[in-house]
Amino acid sequence: MHRQPQPLYRRWFSRLALTATTLAATTLTSAAWAQDKVTMLTSWYAQAEHGGFYQAVATGLYKKYGLDVTIKMGGPQVNGIQLLAAGQADFIMGYDIQTLNAVEKGLPVVTVAASFQKDLQGIMAHDDVKSLADLKGKTILANTSAQTSWLPWLLGKYGYSMDQVRPYTFNLQPFIVDKNVAQSAYLSSEPFMAMKSNVPANFFLLGDQGYPPYGTTIVTQQKMVAEKPDVVARFVRASMEGWKSYLADPAPGNALIKKDNPKMEDDLIAFAVKRMKEVKAVDGGDAATQGVGVMTDARWEQTYKFMLSAGLLKPGVDWKKAYTTQFVKDLKVMP
């Protein structure tokens, strides 16, 4: 039976969320309040890069914090921001640039945590290329969305020309047959395919070269933050504890990932988990000292300034509306 929380508890927990004090200090369990139903929409088909959320379902972390969470898969035809704004999801996996663009358009969305301290986007090149600075004269295959995200950053930082850029159609064959080709790549996807094809390649994570956005952020509506800060706080904490748990033992989360996405192979999941650990996506950067999920004003300002300089954002946008640190600044889910 659905049982409403006691008003006294609700008032107490709201103050807790708003002041961003740690939820771990409380000994309350799911028995202490109703299970709030929450829907989380992912950015793609289920994969290891979503593992922390699936782990929080599989291990009961969401239930521990009074949440009944349903994870829905995204995909190529799914517009998460639109569905969030329309109330079809409570939270989505987002991306800083996407959220800033939404704020520019007047959509009431806000980022409340960052799963990854760096975007997992990169460039894959043949093994003779030792750094991104070596791409001069190379053909760079870039996906369509790169034009409004990382490509202007890459061209600007290294002085490359759009004349080098060709479309990436998610077919690895042009890369395999031409050593003069480098291409858009995601941490665990294209490098895994190259390895399976016995093609020696080097992968350069843009986040390690100064590309500023966070990766796999949690985005919700401003209304949710204002009216249900306790739900947001619990969802953020459980999700970040889920990420910590997933990196320690991903088996529970992997079982649910494969249930949602039966095409997901064990060796690809294992490769992705290994690579996330190696680049310290979850527990590196500021997360190493401030806890998993942390975001800072300085990092958001870097992304804002990059977008402004690249013409991806109009001057005068109130970029601070795109995020809030109130749920992560004192969270302290330490790696």
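The protein chain, taken here from a predicted model, contains 14 helices and 10 strands, where helices (H or I, at least four residues) and strands (E, at least two) are DSSP runs numbered from the N terminus. Along the principal axes, the C-alpha atoms fill a box of roughly 65 × 45 × 35 Å.

Residues are numbered from 1 along each chain as its sequence is written, and side-chain values use heavy atoms, with hydrogens and water left out. Because the model is predicted, local features need pLDDT of at least 70 and side-chain atom pairs count only at pLDDT 80 or more, whereas totals for chains, interfaces and linings use all residues.

Of the 335 residues of the chain, 53% count as buried, a term that stands for under 20% relative accessible area, while exposed stands for over 50% and partly exposed for values in between (1.4 Å probe, protein chains only). The chain exposes about 14,800 Å², of which carbon and sulfur atoms supply 53%; such accessible areas come from the Shrake-Rupley method with a 1.4 Å probe, and for residues only the protein chains shown count as cover. Among contacts (heavy atoms within 4.5 Å) between residues at least 6 apart in sequence, 83% join residues at least 24 apart. The chain carries 36 positive and 29 negative side chains, and the centres of the two sets lie 5 Å apart; in this count Lys and Arg are positive and Asp and Glu negative, with His and the chain ends not counted, and the place of a charge is taken as NZ of Lys, CZ of Arg, CG of Asp or CD of Glu.

Helix 5, which spans residues 96–104, has as its buried residues D96, I97, T99, L100, A102 and V103. An α-helix has 3.6 residues a turn, so residues three or four places apart point the same way. The buried residues of helix 5 pack against helix 4 (80–85), strand 4 (109–116), strand 10 (215–221) and helix 14. After helix 5 comes G106, with a positive phi near 90 degrees.

In the loop between strand 4 and strand 5 (121–126) lies D119, which is buried at a relative accessible area of 9%. Apart from its neighbours within four places in sequence, D119 is in contact with Y95, L205, G207, Y211, P213, Y214 and G215. The side chains of D119 and Y95 are joined by a polar contact of 3.1 Å, a polar contact being a pair of N or O atoms within 3.5 Å, of which, within protein, one must be able to donate a hydrogen and the other to accept it, and for which residues adjacent in sequence count only if both atoms are side-chain atoms.

N198 is exposed, with a relative accessible area of 68%, and its phi is near 60 degrees, a positive value in a residue other than glycine. V199, in contrast, is buried at 14%, and, not counting residues up to four places away in sequence, V199 touches H126, F175, I176 and A194. The C-alpha atoms of V199 and H126 are separated by 8.0 Å, although the two residues are 73 residues apart along the chain.

Q209, in the loop between strand 9 and strand 10, is partly exposed at 30%, and, leaving aside neighbours within four places, Q209 is in contact with L132, W153, K157 and Y158. N261, in the loop between helix 11 (251–260) and helix 12 (266–279), counts as buried at 12% relative accessibility. Leaving aside residues up to four places away, N261 touches Y45, A46 and M73, and a polar atom of the N261 side chain lies 2.9 Å from the backbone oxygen of A46.
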